[in-house]
Amino acid sequence: MPSGPLEVIIIGAGTGGMCLAHGLRRAGIAVSVYERYRTRGDGLHGYRVGIGPTGNRALRECLPPELFATFMATCARSPRYFNVLTEKMRQTASFPLRPETETDPVDTDRAVSRMTLRQVLLTGMEDVVRFDKTFTHYEQHPNGRVTAYFADGSRASADLLVAADGTHSATRRQYLPHARIQDAGSINIATKIPLTDETRALLSERVRDGISLIFGTGGLMGVLHVMEFNWDRHGVPKAGIGDSDARLIERWPGLLFDNTRDYINLIIWSAHDRFPPDVMARRGEELVRLALDLTGNWHPNLRKLFERSDPESCIPVKVATSEPVQPWPPSNVTLIGDAIHTMTPGRGVGANTALRDAALLCRQLTAVNAGEKPLLRGVADYEAEMLPYGFARVADSLANNGTSGDDPLYRPVIGRFALLAARSYFSLTSRVPPLRRRFVDEIYARRGAHG
């Protein structure tokens, strides 16, 4: 047991790390976060992440109440439809989603800009987060303490070191050198397009108001989602939002650091062999041109969206996944989120699992700090619960690689030889009312089951 109040170091100021930091501070536990980026605005593009009931509950548990309310107010407007389109923008299926008012707000799937979520989580944590700190290695001491070392020559010691430093975690490489990250076999090109009168006019009403899965030819897939927020490009709350949300946005200091404005998120993906060997080295206009080359037979409106995209936002992503790791003896080092269970992308499966990790570890460390159990027991209890559900989600997402591991909207396994069957499935399901209702019910039931 630590001789005094528990002290925790977190490596990485991402979603899971910052959620944990908030929870620990609220519990009276001394916590410091070390982040390699130089400022709170570095390193992130404005792409969406889906936060479902699991993530919402974790954020509500760990964040101060007003900050959680700010998170809710700064999410994008919820989609009203899930659509299935061909590459020619022919609608083959459309499912009305439940209005937000029909459920507890915490049980509603939410879309948020990654940059906005980052600014929410950094709010009020100026005395906790140290920027421009690149972690290099740690050292465990006989007295039970652990010291983290950084590239600038500085160091920090605590009772526990938590690795929240993502897929390429330096902590994991040292602590679990046998833990492997493997290539999942697909590549994404993701971009965002400013939402203007011109780009809005390129989309039908249902596409504007929903999230749309696009089935292209030859195994090329896409997803399109319009992200509209409660504030305009000047940071002023929009007319028509609630007074309480408007007040939260007006007094939220994080808006000063957030460059997010209404946009269209457009992603295409396929197997490696559809892309040139140097795709991961391409950026900006060169990557936009590649997206246009790959979508040469797509509807002109979709191609116009790529042409009007922000080149600086266009990035390639090689999809990776973790291999399962057998349990290890607990120590004063542990891991959360992608640092231990990287999974294929899809509407926030990784983010929600990282948030779940953060809330679980926070509960265990709160019990340790209260003297209810020793530190190693708390860490062991956390890891015993985290590893099974974490790698279950890895397996689930990998089985659905090419669509989404988190969202049953994209549940069928999509491959080059399954496109026709999947299109037929969605088309039939959307046309038959009982099947349509069952499909939507399953969406919400599945989301709740992962909590």
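In this predicted model, strands S9 and S10 form a hairpin with 4 residues between them. Gly153, in the turn, has a positive phi of about 95°. The two strands, S9 and S10 (residues 155-158), pair in the antiparallel sense over 4 bridges, and Ala148 stands opposite Ala156 of S10.

S9 also pairs with strand S8 (residues 135-140), again in the antiparallel sense, over 5 bridges. Here Glu139 has Thr147 of S9 as its bridge partner. S8 and S9 make a hairpin with 5 residues between the strands, and in this hairpin Gly144 takes a positive phi near 95°.

The burial of S9 can be read face by face. In a regular strand the side chains alternate between the two faces of the sheet. Because 5 of the 5 residues of S9 (residues 146-150) are buried, the strand is largely enclosed by the rest of the structure.

Helix H8 (residues 243-251) has buried residues Ala246, Leu248 and Ile249. These residues cover an arc of only 160° around the axis, which puts them on the same side of H8. An α-helix has 3.6 residues a turn, so residues three or four places apart point the same way. Asp243 and Glu250, on the other side of H8, are exposed. Helix H3 (65-73) is included in what covers the buried residues of H8.

Technical notes: Residues are numbered from 1 along each chain as its sequence is written. This is a predicted model: local features need pLDDT of at least 70, side-chain atom pairs count only at pLDDT 80 or more; totals for chains, interfaces and linings use all residues. Side-chain values use heavy atoms; hydrogens and water are left out. Buried means under 20% relative accessible area, exposed over 50%, partly exposed in between (1.4 Å probe, protein chains only). The arc is that of the directions from the helix axis to the C-beta atoms. Contact means heavy atoms within 4.5 Å. Two strands pair if DSSP finds at least two bridges between them.
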